[in-house]
Amino acid sequence: TSLKHIQSKDTDLVVFGTKDILNKIPDDCVKLECTKADEPKELLKYPRINSIHCFTTEHADKLNDYDYLLRTDVDTFLTPAWNHYYPTDYTVGKGAYAPYQSVKDNIKRVASELGFDHRGLHNLGATHYGETKLVREVSSLAVSIAKHLLTEEFNHEEGKWPYWYKGVTNMYSNEIAVNHLIRDVSIDRRNLDMESTSENSVLNHSHIHCWHTDNIFSKFQFAAGKYDHLSMSDLDITKIKDYCLYIALKSKQEIDW
């Protein structure tokens, strides 16, 4: 709904999913079927792996029709600023999965054990923008690293958030992959993975990501129907938090949930 709202002239929305999920996706999206990662078996207990595994399947070859990819999660919004956003470097958003030095040391240790270079870039966001070939290469290497982490590092101990923790295996894996593969990387904290609770203008931030919060805009409160009684006419959609709420409520009107 946010993509339709900004009327982008050069962006398609490509959605990966299993057949039953894709049947629920609007037909104005590009839909690519994929299966869930299941080898080794440890991947079945970590479904988040599928957000990067899908880029490694044969169905993902359709992506090669595009010059650039924005690899991002479903709990995100594009703003009008997206229509003027054209980074030249491989660009990622901001992350917060390694707040302590001990976590950073563990990530670098794993990179060294696997024979990969780590150039000291930490807390990379889940959202990646770059040439199609590079985004797919990072995704492929990240999946391989995630398999190692899940079978060796977290096979018996899950760890504890916000320390060394199985639940953010994807983030550790992507960090190692980017540090090893990409020479010129920009971490764009202003334009990618901006918080959905911000009161900043949507004209200054291209991409919004729903972080874990119960404040407006909260994906958890939205999913629970806590915003259904609100009027869209009372919102100031120039502000990020109201823009996200407006788009989310509008999506409920347009889609048969």
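Author: What follows is a short tour of a predicted model, taken feature by feature.

Reader: Which feature does UniProt place at residues 7–242?

Author: The unreviewed UniProt entry gives the feature "domain: DUF7164" for residues 7–242. Within the model that span is 27% helix and 15% strand, and its end C-alpha atoms lie 19 Å apart.

Reader: In what order do the 4 strands of the open sheet with mixed pairing run?

Author: A sheet is read by its pairings, where two strands pair if at least two bridges are found between them. Here the 4 strands follow the order 3-6-5-7, in an open sheet with mixed pairing. Strand 3 and strand 7 (185–187) stand at the edges with a single partner strand each, so one side of each has no neighbour in the sheet. From one strand to the next, the twist averages 20°.

Reader: Which strands pair in the antiparallel sense, and over how many bridges?

Author: Strand 3 (residues 68–71) runs antiparallel to strand 6, joined by 4 bridges, and Leu69 has Gly130 as its bridge partner in strand 6. Strand 5 (residues 90–94) also pairs with strand 6 in the antiparallel sense, over 3 bridges, with His128 of strand 6 as the bridge partner of Val92. Strand 5 and strand 7, by contrast, pair in the parallel sense over 3 bridges, and there Val92 stands opposite Ile187.

Reader: What packs on this sheet, and which strands are touched?

Author: Helix 5 packs on the sheet and touches strand 3, strand 5 and strand 6, its direction making about 140° with that of strand 6. Helix 6 also packs on the sheet, touching strand 3, strand 5, strand 6 and strand 7, and its direction makes about 40° with that of strand 6. As for strand 6 (residues 124–131), 7 of its 8 residues are buried, so this strand is largely enclosed by the rest of the structure.

Reader: Which residues touch the most other members of the largest nonpolar core?

Author: The largest one has 42 residues, of which Phe16, Tyr97, Ile107, Trp164 and Tyr172 touch the most other members. Two or more residues come from each of strand 5, helix 4 (101–113), strand 6, helix 5 (132–153) and helix 6 (169–181), and helix 5 gives the most, with 9 residues. Beyond its neighbours within four places in sequence, Tyr172 is in contact with residues including Tyr97, Ile107, Leu149 and Trp164. A second, separate core of 24 residues includes Leu3, Ile6, Tyr227 and Leu235.

Reader: In what order do the strands of the open sheet of 3 strands run?

Author: The order is 4-9-8, with mixed pairing, and the edge strands are strand 4 (76–78) and strand 8 (194–195). Strand 8 pairs with strand 9 (residues 207–209) in the parallel sense over 2 bridges, and Glu195 has His209 as its bridge partner in strand 9. Helix 8 (residues 240–254) packs on this sheet, touching strand 4, strand 8 and strand 9.

Reader: How many disulfides are there?

Author: A disulfide is a covalent bond between the sulfur atoms of two cysteines. With a cut-off of 2.5 Å between cysteine sulfur atoms, the count comes to 0 disulfides. Cys29 has its nearest cysteine sulfur, that of Cys54, 14 Å away, and Cys29 counts as buried at 14% relative accessibility. The sulfur of Cys210 is 5.9 Å from that of Cys244, the closest cysteine sulfur, which is too far for a bond; Cys210 is also buried, with a relative accessible area of 4%.

Methods
Residues are numbered from 1 along each chain as its sequence is written. This is a predicted model: local features need pLDDT of at least 70, side-chain atom pairs count only at pLDDT 80 or more; totals for chains, interfaces and linings use all residues. Side-chain values use heavy atoms; hydrogens and water are left out. UniProt positions are given in the numbering used here, feature names are shortened, and annotations may be inferred rather than shown by experiment. Buried means under 20% relative accessible area, exposed over 50%, partly exposed in between (1.4 Å probe, protein chains only). Contact means heavy atoms within 4.5 Å. Axes are lines fitted to C-alpha atoms, for helices over the stretch in contact, and angles run from 0 to 180 degrees between N-to-C directions. A nonpolar core is a set of buried Ala, Val, Leu, Ile, Met, Phe, Trp, Tyr and Cys residues joined through side-chain atoms within 4.5 Å.
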